[in-house]
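Hi,

Here is the structure I promised to pass on.

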Amino acid sequence: MKTALCASEPGACGARWPVGRAGRRSFGERPLSSRSECSPVVGADPPDEDPALKKPQGLQEMEGLSLANEDKTMSANLKYLSLGILVFQTTSLVLTMRYSRTLKEEGPRYLSSTAVVVAELLKIMACILLVYKDSKCSLRTLNRILHDEILNKPMETLKLAIPSGIYTLQNNLLYVALSNLDAATYQVTYQLKILTTALFSVSMLGKKLGVYQWLSLIILMTGVAFVQWPSDSQELDSKELSAGSQFVGLMAVLTACFSSGFAGVYFEKILKETKQSVWIRNIQLGFFGSIFGLMGVYIYDGELVSKNGFFQGYNRLTWIVVILQALGGLVIAAVIKYADNILKGFATSLSIILSTLISYFWLQDFVPTRTI
């Protein structure tokens, strides 16, 4: 039988026997290799096995569940962290900007146009540091990424010129609005950007809104109408705010709402059509934003800058406002990456409540009425 031959004759299964002159096998000699290909050698060590295969299946499943729970915990922590930072940034920016624009000090007041330019430059520097960190702190890799993603793609870079110019206009309008409106009125009225964003999303991105979403927008418009409804004291005595005209502030907010909605949807469309990182896109936005901002400084405040300098009226509070405004672009990018629109809307609502309370108790420039 072949099986018996394989077990009894080592050479039958592939072992090599010494061959004599006549080419025949000598019966008294052993094969050159004592290992048979048909059966393992007795006493030989078994091949090394993967340590993961030695683990029981239940232990492997437990480790997999533990890793999945750690990932979910990390994701939840990042969501709530971005939520908290967004609430802090939005509330702090509105209140400090309002306070800085209405604070009476000796000397000239700082120029909002220069503050916008400085904020854009700080945002560019922060994004470059983040790209540097993502490139494992390698200057060569950072230089290659910036060269490949910005200089070698001029058409992709030019796409950001439109939203950048609109964002620059919006940031300047924000200063105008808060110079003429109290913080609470500004915060509530500025939420009309949700309506403009929804309209532009439907028209530009083809999104479909449900019944509850349209109902929420109607409630939002109703709330804004109540906020702008004149109170009894305003009907009897039409007082103006000390910092300027309330009508000018209202027009600035409405213009900022439309510009914010269009620029946000346009930027979202660009992000979905390309694979570039959010930090690279923020660098491109900041580049064009600083150029448009410098043009605005030259056109509107050129004489004041030549007379009193670019940083006229800057103090510690002004730099806090500028840093918070630069942080806004980074916070929105983090929210887009780690959180969602539900958390973003919740953060905005919470910011409105905090701004209203601080505006009433601390700044004392807001008195609640029947409508607000």
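For what comes next, a residue is called buried under 20% relative accessible area, exposed over 50%, and partly exposed in between. Glu156, at 21% relative accessibility, therefore counts as partly exposed. Keep in mind that this is a predicted model.

Glu156 is the residue I'd look at. Its side chain meets that of Lys159 in a salt bridge, at 3.4 Å from N to O, and Lys159 is itself partly exposed, with a relative accessible area of 30%. Glu156 also forms a salt bridge with Arg281, where the closest N and O atoms are 3.3 Å apart. Arg281 sits in helix α13 (residues 278-308) and Glu156 in helix α6 (residues 154-158), so this pair ties together parts that are 125 residues apart in sequence. Arg281 is buried, at 0% relative accessible area.

The structure holds five salt bridges in total.

As for the overall picture, the protein has 15 helices and zero strands. It has 372 residues, and 36% of them count as buried. Among contacts with a separation of 6 or more, 78% come from residues 24 or more positions apart. The accessible surface is about 23400 Å², with 63% of it belonging to carbon and sulfur atoms.

Cheers

Conventions. Residues are numbered from 1 along each chain as its sequence is written. This is a predicted model: local features need pLDDT of at least 70, side-chain atom pairs count only at pLDDT 80 or more; totals for chains, interfaces and linings use all residues. Side-chain values use heavy atoms; hydrogens and water are left out. Helices (H or I, at least four residues) and strands (E, at least two) are DSSP runs, numbered from the N terminus. Buried means under 20% relative accessible area, exposed over 50%, partly exposed in between (1.4 Å probe, protein chains only). Contact means heavy atoms within 4.5 Å. Accessible areas come from the Shrake-Rupley method with a 1.4 Å probe; for residues, only the protein chains shown count as cover. A salt bridge is a side-chain nitrogen of Lys or Arg within 4 Å of a carboxyl oxygen of Asp or Glu.
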